[in-house]
Amino acid sequence: MTTEGHIESLERRHRELDRKIEDEMSHPSHDDMFVAALKRKKLEIKDQLARMHSDA
């Protein structure tokens, strides 16, 4: 996979996680632990993207 393709894939995963977080938070009885795990994963992806953009 090219660097551009990898960045696009990470950006897509980041958006998907954002949607999952929003969806989970919209439920009155959302699972705080699940939301926290999603947010951690989203942050990991954001960090990867920042590293890739700074390397380019």
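Predicted model: local features only at pLDDT ≥ 70, side-chain atom pairs only at ≥ 80, totals over all residues.

Colleague: What does the secondary structure come to?

Modeller: The chain has two helices and zero strands. Helices (H or I, at least four residues) and strands (E, at least two) are DSSP runs, numbered from the N terminus.

Colleague: And what is the radius of gyration of the chain?

Modeller: The chain has 13 Å, whereas a compact globule of 56 residues would have a value near 10 Å. The radius is taken over C-alpha atoms, and the globule rule is 2.2 Å times the number of residues to the power 0.38. Along its principal axes, the C-alpha trace spans about 40 × 15 × 15 Å.

Colleague: Turning to α2, which of its residues are buried?

Modeller: They are Val35, Leu38, Lys42, Ile45, Leu49 and Met52. Buried means under 20% relative accessible area, exposed over 50%, and partly exposed in between (1.4 Å probe, protein chains only). Helix α1 (3–25) is included in what covers these residues. Over the whole chain, buried residues make up 21% of the 56 residues.

Colleague: Take Ile45, then. What does it touch?

Modeller: Not counting residues up to four places away in sequence, Ile45 touches Leu10, Arg13, His14 and Leu17. Its relative accessibility is 1%, so Ile45 counts as buried. Ile45 and Leu17 are 28 residues apart in sequence, and their C-alpha atoms are 9.7 Å apart in space.

Colleague: What caps the N-terminal end of α2?

Modeller: Asp31 does, with a side-chain oxygen 3.1 Å from the backbone nitrogen of Met33.

Colleague: A change of topic: how many salt bridges does a search of the whole structure find?

Modeller: The search finds two, a salt bridge being a side-chain nitrogen of Lys or Arg within 4 Å of a carboxyl oxygen of Asp or Glu. One joins the side chains of Asp18 and Lys42, at 2.8 Å from N to O. Asp18 lies in helix α1 and Lys42 in helix α2, so this pair ties together parts that are 24 residues apart in sequence. Asp18 is partly exposed, with a relative accessible area of 28%.

Colleague: With which residue does Lys41 form a salt bridge?

Modeller: Its partner is Glu44, and the closest N and O atoms are 3.6 Å apart. Lys41 and Glu44 are three residues apart in helix α2, which means that about one helical turn separates them. Lys41 is partly exposed at 31% relative accessible area, and Glu44 is partly exposed at 41%.

Colleague: And Glu24, is that residue buried or exposed?

Modeller: Glu24 is buried yet has no salt bridge. The nearest side chain of opposite charge is Lys20, 10.0 Å away; Lys and Arg count as positive and Asp and Glu as negative, while His and the chain ends are not counted. Glu24 is in helix α1 and touches His30, Asp31, Phe34 and Val35, leaving aside residues up to four places away in sequence.

Conventions: Residues numbered from 1 in each chain as written. Heavy atoms only, no water. Contact = heavy atoms within 4.5 Å. Polar contact = N/O pair within 3.5 Å; in protein donor to acceptor, adjacent residues only side chain to side chain.
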